[in-house]
Amino acid sequence: MSSRSSTDVTIPQTDDVERKQESQNDQPDEKVGNLSVNVLYPPDIGGRAWLCVLGAWFGFFCSFGYMNNLGVFEEYYIRYQLSSYSASTISWISSLQIFIMVFSSVVCGRLYDMFGPRPLLYPGASLLALGIMTTSACKEYYQFILAQAIYNVSISAVSGWFVKKRGAALGLSVSGSSVGGVILPVVFREVLKRSNFGWAVRSVGFLMIFAATISCLTITSRFMPKAVARLDIKRTILIPYLKIEFALIAVGTFLIYWGLFVPIGFIPTHARVHGFSATMADYLISIMNATSFFGRVIPGILADKLGRFNTFIACCTTAGVLTLALWLPATGHTPIILFAALFGFSSGATISLMPALVAEFSPLHEIATRIGAISAFVSLAALSGLPIAGAILRREGNASFTGVAVFGGVTLIAGSFVTGIVRMMLSTGKLIARV
């Protein structure tokens, strides 16, 4: 009798032979350059794997950790630096930051598969330093847009190093963004009190450069880089969408990203409208990021045991329900603070588990490329979500956040529903299954 639980579901892979070879810990072939997968180390074990998680943690600290503070910067831009612009116009700054980070995965994913992480990390760290330091001198709208150039390969490296423990490893790695989201706004605010905007941003930049340097030194790949080859857009980006599960995950993630950054971007402004001081409104972002640390680590660990789709869908649905049931009617300090804490936890898995879902359908040697393929589509949601919410806010007189909350909550729930369709397809209609 099989010991495998009847609720477990085997997700079909496109590289079953390669995974069987890995499970046997085969040594690399002497003609490794001619193989489709050039395995250097076995998955899930070894100091190099966990050192990569450490490097990825710092990578997320200085990338998405900075993105998690977009509400703090946006509130400052609206009130001071760019006060002559509308909230909808200013929101394009944050949207373009997210778009550049996500869309760059299309190119970076392919380059990662060909060259490994280091040739991407070094110029990425340099662009990061240049971008954040240039931001400190910005006084016009267009300068803020041009100053943002951030990308890293943390997700691809960790996804490649881990198979069975991928959810936990990604959760630990992405938790770096939560810590960055707590520390960076505190540094920004405290320096701003004592100096000016330029030095506040530069102080944040020095921390980010330190974190990026550690990433450059510790992130490695489990695979031998593939031979240099031209980017076959049809095979790499378009063909994966012919697989219905991949296409539906892309649509579901698009909708989730549409709504995910709305509360993150607008909760400080919403709090100010309802009587919060500027300092307390900014601290809501720190509260949200503090709870998201646990929301990225704990669901990541649970995902490896309960199913990655199950955990992802549950967390995203909860985030959408909280947005509609708690943030929408909230006007007092207590419900707004409570929402920030609960939303931070429930939304944490959206960043950490999405790559794990993509990896379920991807050949090992093309995980980074496939993440790039789905990111090309999802980045459009990241680009347009905040400006749409800003336009809704302007239409409601910059005082009512009803439309903003409805937009964010409905899109989160809709994205969870579409992802749930894929989950039901994989489980052949079983409601109780580890998928």
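Let me begin with a term: a residue is called buried under 20% relative accessible area, exposed over 50%, and partly exposed in between, with a 1.4 Å probe and protein chains only. This is a predicted model, in which local features need pLDDT of at least 70 and side-chain atom pairs count only at pLDDT 80 or more, while totals for chains, interfaces and linings use all residues. Residues are numbered from 1 along each chain as its sequence is written, and side-chain values use heavy atoms, with hydrogens and water left out.

On that scale Phe58, at 17% relative accessibility, counts as buried, whereas Trp57, at 22%, is partly exposed.

Now to the rings. Those of Phe, Tyr and Trp (its six-membered ring) pair if their centres lie within 6.5 Å, and planes under 30 degrees apart count as stacked, over 60 as edge-to-face and the rest as tilted. The structure holds 11 aromatic pairs. In one of them, the centres of Trp57 and Phe58 are 5.0 Å apart and the planes stand at 80°, so this pair is edge-to-face. Ring pairs also link Trp57 and Phe58 with Phe61 and Phe210 into a cluster.

Trp327 and Phe339, by contrast, are stacked, with 5.5 Å from centre to centre and 5° between the planes, and both residues are buried.

Finally, the charges: one sits over a ring if NZ of Lys or CZ of Arg is within 6 Å of the ring centre and within 35 degrees of the ring normal. Arg189 lies over the face of Tyr283, 3.9 Å from the ring centre, and Arg202 lies over that of Trp199, at 4.4 Å.
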